[in-house]
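Work through the exercises below with the coordinates open. Try each task before reading its solution.

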Amino acid sequence: MNENDYKLAIAEWDRHRSDYFLITQLIKTNYVFDLSKEQLDKIKEKNKYVDACAQVGVFNGEMVLIFVPLDEKGFIDRSVVEYQYTTLKPLKHDLRLQETKQFTVVKNAVLSSNLTKIDDNTNTTLPVTNQPILDQDIAVEAIERWRNEGMEWFFRECTEFGGQRIFKRFYIPIADLSHPYPEVAGIKCSFGLRQNDIYQRMLVTVIFISFHELLQEGESEETISNTYDWAKPCPPVCRIPELGS
């Protein structure tokens, strides 16, 4: 996507945000975004900031997430004139959320010199999380809530607040788009609805479901998941310099 299309796309989303009817024509709550490995590599190559910015837009009549490259200080990198984007589309296949936990059971027995058992105990090493994960049950609940209540959320935001509180963009720590091992082969992104205790209301998030060539290997005590939830909506969470609210 070029710079002109990018500007038109975000302007079109601004037009949609206050109009519930337009939103119903645009968004299906059972649709998802899809990011290929090639797109992820390009996003990581161009983005120099600790966070990646996914701007919401409307392009060719469809909702899109546009990844805006940021420089080392978090400002838009004006030298980049081509943006990676993904379109909200129906799923072609079932979406598998997988969370794998490994643990080790160590059983000790001590025999005396005359072969009499003098001690017997069992220790279980519980899983240790080796990367930030979203519990699978919480992810499923958030996605299902979006599926069932997403349009009600939009209706309230449009009728009571004129769409001003509806998200314009999401920010994602760039490290969460890349896992060196197992290597990410692609990511599907689903909207989710979760209660935020700080803001005391339901907020929309984007749940990233990554697909690895190999989800689990080895015998160490660890928890491995293909589900990540690190996208924060702006508004209200607007932490990237320059972009603001």
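Two strands count as paired if DSSP finds at least two bridges between them. The model is predicted.

**Exercise 1. In what order do the five strands of the open sheet lie, and which are its edge strands?**

Step 1. Follow the pairings. The order is β4-β3-β2-β9-β14, and the pairing is antiparallel.

Step 2. Find the ends. β4 and β14 (232-234) each pair on one side only, which makes them the edge strands.

**Exercise 2. How many bridges join β3 to β4, β2 to β3, and β2 to β9?**

Step 1. Take β3 with strand β4 (residues 84-87). Four bridges join this antiparallel pair. Val64 stands opposite Thr87 here.

Step 2. Move to β2 (residues 51-59) and β3. Seven bridges join them, again in antiparallel fashion. Gln55 has Ile66 in β3 as its bridge partner.

Step 3. Look at the hairpin of β2 and β3. Two residues lie between the strands, and Asn60 takes a positive phi near 55 degrees.

Step 4. Finish with β2 and strand β9 (residues 169-173). Five bridges link this antiparallel pair. Asp51 stands opposite Pro173 in β9.

**Exercise 3. Is His16 buried or exposed, and what does its side chain reach?**

Step 1. Locate the residue. His16 lies in helix α1 (residues 3-17). That helix lies across β2 and β3, running at about 75 degrees to β2.

Step 2. Apply the cut-off. Buried means under 20% relative accessible area. His16 has 6%, so it is buried.

Step 3. The side chain of His16 reaches the backbone oxygen of Glu12 at 2.8 Å.

Step 4. List the touching residues, leaving out those up to four places away in sequence. His16 touches Leu22, Ile23, Leu26 and Val58.

**Exercise 4. Is Lys46 buried, exposed or partly exposed?**

Step 1. Lys46 is at 41% relative accessibility, so it counts as partly exposed.

Step 2. Set aside neighbours within four places in sequence. Lys46 is then in contact with Pro69, Leu70, Asp77 and Val80.

Step 3. Compare chain and space. Lys46 and Tyr83 are 37 residues apart along the chain, yet their C-alpha atoms are separated by 9.4 Å.

**Exercise 5. Which residues touch the most other members of the largest nonpolar core?**

Step 1. In soluble globular proteins, nonpolar side chains tend to be buried together.

Step 2. The largest nonpolar core has 36 residues, and Met63, Phe167, Leu177 and Phe191 touch the most other members.

Step 3. Not counting residues up to four places away in sequence, Phe167 touches residues including Trp13, Val56, Met63, Trp153, Phe191 and Pro233.

Step 4. Separate the other core. A second one, of 12 residues, includes Tyr6, Ala9, Val64 and Tyr83.

Step 5. Return to β3 (residues 62-68). Six of its seven residues are buried.

**Exercise 6. What share of the protein chain's residues is buried?**

Step 1. Buried residues make up 43% of the 245.

Step 2. The protein chain exposes about 13,300 Å², with carbon and sulfur atoms supplying 49% of it.

Step 3. Consider contacts between residues at least 6 apart in sequence. Of these, 69% join residues at least 24 apart.

Key
Residues are numbered from 1 along each chain as its sequence is written. This is a predicted model: local features need pLDDT of at least 70, side-chain atom pairs count only at pLDDT 80 or more; totals for chains, interfaces and linings use all residues. Side-chain values use heavy atoms; hydrogens and water are left out. Buried means under 20% relative accessible area, exposed over 50%, partly exposed in between (1.4 Å probe, protein chains only). A polar contact is a pair of N or O atoms within 3.5 Å; within protein, one must be able to donate a hydrogen and the other to accept it, and residues adjacent in sequence count only if both atoms are side-chain atoms. Contact means heavy atoms within 4.5 Å. A nonpolar core is a set of buried Ala, Val, Leu, Ile, Met, Phe, Trp, Tyr and Cys residues joined through side-chain atoms within 4.5 Å. Accessible areas come from the Shrake-Rupley method with a 1.4 Å probe; for residues, only the protein chains shown count as cover. Axes are lines fitted to C-alpha atoms, for helices over the stretch in contact, and angles run from 0 to 180 degrees between N-to-C directions.
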